[in-house]
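Please look through the structure below with the following walk-through at hand.

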Amino acid sequence: MASGLAEESELSPGESELAVNPFDGLPFSSCYYELLEQRRALPIWAARFLFLEHLESSPTGVVLVSGDPGSGKSTQIPQWCAEFALARGFQTGQVTVTQPYPLAAMSLASRVADEMDLTLGHEIGYSIPQEDCTGPNTMLRFCWDRLFLQEVASTRGPGAWSVLILDEAQERSVASDLLQGLLRDTRLRNLPGDPRVVVVTDPALEPKFQAFWGNSPIVRVPREPGGDPTLAYKDTVPTDLVEAACQAVLELCQQEEAPGDVLVYLPSEEEISLCCESLSGEMGTLAVPGPPPRVLPLHPGCAQAIQTVYEDTDVSVRKIVVTHWLADFSFSLPSIQHVIDSGLELRSVYNPRIRAESQVLRPISKCQAEARLLRAKGFPPGSCLRLYSKSTLELEAPPLPHPKVCEENLSSLVLLLMRKQIAEPGECHFLDRPAPEALMRALEDLDYLAALNDDGELSDLGVILSEFPLPPELAKALLASCEFNCVDEMLTLAAMLTAAPGFTRPPLSAGEAALRRALEHADGDHSSLIQVYEAFVQSGADEAWCQARGLNWESLCQARKLRAELVELMQRIELPLSQPAFGSEQNRRDLQKALLSGYFLKVARDTDGTGNYLLLTHKHVAQLSPYCSYRNRRTPAQPPTWVLYHSFSISKDNCLCIVSEIQPEMLVELAPPYFLSNLPPSESRDLLNQLREGTAEPPAAATETSSPQEYGDGCVLQ
Ligand SMILES: Nc1ncnc2c1ncn2[C@@H]1O[C@H](COP(=O)(O)OP(=O)(O)OP(=O)(O)O)[C@@H](O)[C@H]1O
């Protein structure tokens, strides 16, 4: 086994002056030994040899690891697996660690590179959307799990691996569940190179994974000794959670006997921002000895700023970290002494019946509540204030986190699964089966998009769609843009819809609103997105330019990277690019056609001019989102009758987001005929069928701007 290496890295400078790093052959730095001391103090260190033994001899090739948050699983297991793989000469490739959140993959790679005394981007790397920080010599890679699933299913990525670590399996991300489902029947021990799989979880999920993985050995990390935090509940849930959380933080900061950093859990990113704004205002005026506390947000939008939550440059400054579900398991900050837990989470849940997303505010699971409490454990023990009652937790909280596979739109994942099964046909065992309706809906949507052939198998078009890191309808629109000669604009749109989907934040000031209005395009929200992107690039990707317009600079930078990635992908699979033509009348129509080729499932019609749009597929009524550019037009401009929308949300309001006008004739030309026949009976469907049969009078709006023959060139890809 790899114990030779494992023992070697236990040496300290006094024990061996000549100890060299086995991964790069260089002597260890003093920083390595400092971090080694910290690593040895982690609860998981005691389980090191047991883990390596099981990794060597597991009869199934799979090892389960279960331990509390902060016990050292995410940082130590990958290093031990790298030692194991090195001892076998990395015969079948690198060690890959999947993470459910890109931010965690990035942050862990940086920490592990330091702990191993290696270079980030060389021996240690990470792959997250729009950022591949790896090199030809990368032997340990942290990867967003969805990206890894995409790599496994398609032709991209490094292919084989020596050890695959599925970390944070208790988060129940769709990709992690699916990867386990695909791997369960793989006889790892019979594969070339004898690869290994490690599944890492919180103890609450241990029985479930143990039952799933049969007789695979399990390593239980002993719980850290240390006092339990004092736990307090609120009798009633406060009406204003942000205010209650701020109040609790301020009270803690004024107590001299309660030093230490504070972790605040709120339901959503919006509340995190409000809380940080409010606390930052208060901190300057707080009568506390020493420097004012530092308020830090922690959510997926924080990107590069993430390391600041770990930095300990000045221990005399108290840190207040404000976060949500992201830090339930993935971010362990040892300096935390106090936790304030709102007990709620805002999650996006997909309803396949009406193809709608809704933002659901719901109680966190008991398992998450326990993980949050444990953040305040230690010497001396800290405190945890739950902004809810004990009976709320006992009666309303589910025992375990919800499996995401039961809450997401599955069309992308079914596409990848079908792609994978072409190469290796077999069954996917679900840890929890998605509702049959969700799977059927996903298959139906893929069929309409022509991703399936007559036998229900993946078509050639489906294979190409699965190569794109985009939802199938957007990938289809991008492919259609090759037919309609507007690839340049559709690339921008695909990148913007994915990374920076629009004007979702209201402008803050009149000046900001005026600057932003200048970016709105007469043709609707999709063209506005292209216009915003082009203006952003022209500004030299200037952060101040974005700020002045209330635009998210980081999202726009992401969009730029994604666009470049998509261009590369198009070139690799030899799809044609086109010259920019944004703004011309021809380009406007081409863009509409390409969009409709992918989004014909998302069309709505205002039947009586009141702003109530009837969705064609579900007879559901919705309104334009308050941020839709058509809503801001001065009278007498009327919102369009027929629209195509990017998403439909049924949370606070019933709204269509990112909307552009279309002509029904175009829909008739571009949607598959059987889609139109399958629509539920409505006046709109009758009208479309009449148009198809050539028996309808074109609506006035359509005759004004377009002639029927303009829609004659149907999408060949269909
Ligand atoms: N990016 C980082 N920078 C600095 N320290 C870090 C970083 N990531 C982890 N650590 C530290 O490493 C230690 C072990 O954390 P680790 O993430 O390995 O625990 P874990 O058991 O995986 O917990 P979790 O389930 O919360 O991820 C903790 O003390 C943590 O503060």
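Thr 308 sits in the loop between strand 11 (294-298) and strand 12 (319-323); helices (H or I, at least four residues) and strands (E, at least two) are DSSP runs, numbered from the N terminus. The model is a predicted one, in which local features need pLDDT of at least 70 and side-chain atom pairs count only at pLDDT 80 or more, while totals for chains, interfaces and linings use all residues. Residues are numbered from 1 along each chain as its sequence is written, and side-chain values use heavy atoms, with hydrogens and water left out.

With a relative accessible area of 22%, Thr 308 is partly exposed. On this scale, buried means under 20% relative accessible area, exposed over 50%, and partly exposed in between (1.4 Å probe, protein chains only). Once neighbours within four places in sequence are set aside, Thr 308 is in contact with Arg 294, Leu 296 and Lys 319, where contact means heavy atoms within 4.5 Å. From C-alpha to C-alpha, Thr 308 is 9.6 Å from Leu 298, and the two are ten residues apart in sequence.

Another loop residue is Tyr 627, found between strand 19 (621-624) and strand 20 (642-649). Tyr 627 is partly exposed, at a relative accessible area of 33%. Its C-alpha lies 9.3 Å from that of Asp 525, although 102 residues separate Tyr 627 and Asp 525 in sequence.

Is Asn 21, with a relative accessible area of 2%, buried or exposed? Asn 21 is buried, and its place is the loop between helix 1 (3-8) and helix 2. Not counting residues up to four places away in sequence, Asn 21 touches Leu 26, Phe 28, Met 116, Asp 117 and Leu 118.

Leu 491 belongs to helix 17 (residues 487-499) and counts as buried at 2% relative accessibility. Beyond its neighbours within four places in sequence, Leu 491 is in contact with Leu 478, Arg 563, Leu 566, Val 567, Met 570 and Leu 577. Ser 481 is ten residues from Leu 491 in sequence and 8.8 Å from it in space, C-alpha to C-alpha.

Helix 7 (residues 174-183) is mostly covered, with ten of its ten residues buried. Among them are Val 174, Ser 176, Asp 177, Gln 180 and Leu 183.

Gln 337 is located in strand 13, and at 17% relative accessibility Gln 337 counts as buried. Leaving aside neighbours within four places in sequence, the contacts of Gln 337 include Pro 259, Gly 260, Asp 261, Phe 379 and Ser 383.

The next topic is the second largest pocket. It holds about 1300 Å³ of space. A pocket is found on a 1 Å grid over the protein atoms alone, as an open set of points where a 1.4 Å probe fits, with protein on both sides within 12 Å along at least five of seven lines; lining residues have an atom within 4 Å of a point. Grid points are joined across faces, edges and corners, and the volume is the space filled by probe spheres set on the points. The lining of the second largest pocket comprises 44 residues, and Leu 42, Gly 70, Ser 332, Leu 333 and Pro 334 lie nearest its centre. Elements giving two or more residues to this lining are helix 2 (30-40), helix 4 (73-87), helix 5 (102-116) and strand 13 (336-341). Helix 5 gives the most, with six residues. By class, the lining has 17 nonpolar, 13 polar and 14 charged residues. Here Ala, Val, Leu, Ile, Met, Phe, Trp, Tyr, Cys and Pro count as nonpolar, Asp, Glu, Lys and Arg as charged, and the others, Gly among them, as polar.

Why does the second largest pocket lie between domain 1 (30-220) and domain 2 (230-405)? Both domains give residues to its lining, so the pocket lies between them. The domain bounds come from an automatic or database domain assignment.

Four residues of domain 3 are in contact with six residues of domain 5.

Across the protein there are 26 helices and 21 strands. Of its 718 residues, 56% are buried. Among contacts between residues at least 6 apart in sequence, 75% join residues at least 24 apart.
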